[in-house]
Amino acid sequence: MRRSALLLTSLVLGTSNLRAQAAPAASVRRIAPDTFWNTLWRGHPVVARIKPGEVAATRLLDAGARDYMNVLRAQPSNPMVGPIYIEGAEPGDAIAINFRKIRPSRGTAWSYYRLGYFSLTPAAVEGLYPNTFKPDIVRPGRSDLLIWDVDTVRGVVKLREPVSARHPLEFPMEPMLGVVGVAPAGDFAPTSGPSREYGGNMDFNEIREGSTVILPVFNPGALLFLADGHALMADGEPTGAGIETSMDVEFSVDVVKRAQLTGPRVVTRDYIIAVGSQAEFISTLDRAVQLATTDMVRWLTSEYKMEPWAAHLLISAKGEYEVVTVMGSAAIKIAKRWLPTP
């Protein structure tokens, strides 16, 4: 079996994460940039160079550019740490980012006040409550944002106000990252708002502590960017934001040689996931489903050596679809227990 296939198999089985988690704390490389970028561009100066398997840690600002002390540090929206140069990564390879830790770094978060127009039927939009609560409680000049309290000891988030007479609006935390991406090919410099084959602002709530994100490489060193921590977010990001907060992140990166990926993949404890990642409001969700399903077929036939017809039928029997963002991206999951033995 080729080394790339062996490495992908180890990622799926979780052995790569286990190796990273066994590394001593003293070996963690700290990345503390002074500048945060709002575009994924290959021309930005490299903030750090790390070797495959090396453990790195950084502190992410929230989507509104505020840090763990709630101090404004950059320009919204989704200011990113990066680019991080991964030694040995070349165009045509893939990088596998193993997230060891994704945890809120402050006691507050914020969200939007109501669902986005894009999540509702036109008839429902006409009767919406006014999109104003209190001015300036989260950000100067904004009255459509709410504060949530983040209790990292109890592991819960709770809406501070307004107070519902019917529901406590308190939930277990499920911290995740919205932005995980690499610089795309050429001089294309997309903002940290959309997503595409390079990853970017995928806003996929399966990108959590313990997950591995696999991305194609378009430039030497891959040029990895990270941003946009959420203490909690529903499938689809129906308001257009999660419960947004600053985040402490610890990760390692493996290089998968000659992987020839066409888009993002995610591996969790229980699933392999192909992501149909595309810019929001440009193409419909059915195209995202097609992108994700096509890549899952490719994954099953190339890495698991399934016959194409068998891959189609496995997907038809046990595939699970998720809306990643209601505005454009979707994913398909296959539980690991249904995969053939490597």
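**Entry 1: strand S4**

I began at Ala 48, which stands opposite Ile 84 in strand S4. The model I am reading is predicted, so local features need pLDDT of at least 70, side-chain atom pairs count only at pLDDT 80 or more, and totals for chains, interfaces and linings use all residues. Residues are numbered from 1 along each chain as its sequence is written, and side-chain values use heavy atoms, with hydrogens and water left out.

I noted the terms in use. Helices (H or I, at least four residues) and strands (E, at least two) are DSSP runs, numbered from the N terminus. Two strands pair if DSSP finds at least two bridges between them.

I then looked up the partners of S4. Strand S2 (residues 48–50) pairs with S4 in the parallel sense over three bridges. S4 is also joined to strand S14 (residues 224–232) by two bridges, and these two strands run antiparallel. Ile 84 has Leu 224 as its bridge partner in S14.

Is S4 buried or exposed? I found that six of the six residues of S4 (residues 81–86) are buried, so the strand is largely enclosed by the rest of the structure. Here buried means under 20% relative accessible area, exposed means over 50%, and partly exposed lies in between (1.4 Å probe, protein chains only).

**Entry 2: the sheet of nine strands**

I next traced an open sheet of nine strands, whose order is S1-S3-S16-S5-S13-S17-S18-S20-S19, with mixed pairing. Strand S1 (29–31) and S19 are the edge strands, each pairing on one side only. From one strand to the next the twist averages 25°. For angles I kept this rule: axes are lines fitted to C-alpha atoms, for helices over the stretch in contact, and angles run from 0 to 180 degrees between N-to-C directions.

Within the sheet I looked up strand S13 (residues 212–216), which three bridges join to the antiparallel strand S17 (residues 265–267). Val 213 stands opposite Val 266 in S17. Helix H4 packs on the sheet and touches S17, strand S18 (271–276), S19 and S20, its direction making about 135° with that of S18. Helix H5 also packs on the sheet, touching S19 and S20, and its direction makes about 100° with that of S20. Contact means heavy atoms within 4.5 Å.

I returned to S13 for Thr 212, which has its place in that strand. Thr 212 is buried, with a relative accessible area of 0%. Its side chain and that of Asn 98 are joined by a polar contact of 2.9 Å. A polar contact is a pair of N or O atoms within 3.5 Å; within protein, one must be able to donate a hydrogen and the other to accept it, and residues adjacent in sequence count only if both atoms are side-chain atoms.

S18 pairs with S20 in the antiparallel sense over six bridges, and Ile 272 stands opposite Ile 334 in S20. S19 and S20 are likewise antiparallel, over five bridges. A hairpin through three residues joins S19 to S20. Glu 322 has Ala 331 as its bridge partner in S20.

Which residues of H5 (residues 308–318) are buried? They are Ala 310, Ala 311, Leu 314 and Ile 315. They cover an arc of only 140° around the axis, which puts them on the same side of H5. The arc is that of the directions from the helix axis to the C-beta atoms. These buried residues pack against helix H4 (285–302), strand S19 (320–325) and strand S20 (329–335). On the face of H5 turned away from its buried side I listed the exposed residues Pro 308, Trp 309, Leu 313, Ser 316 and Ala 317.

**Entry 3: aromatic rings**

Rings of Phe, Tyr and Trp (its six-membered ring) pair if their centres lie within 6.5 Å; planes under 30 degrees apart count as stacked, over 60 as edge-to-face and the rest as tilted. By this rule I recorded six aromatic pairs. The rings of Tyr 113 and Phe 133 have centres 5.7 Å apart and planes at 45°, so the pair is tilted. Phe 133 is partly exposed, with a relative accessible area of 23%. Ring pairs link Tyr 113, Tyr 129 and Phe 133 into a cluster.
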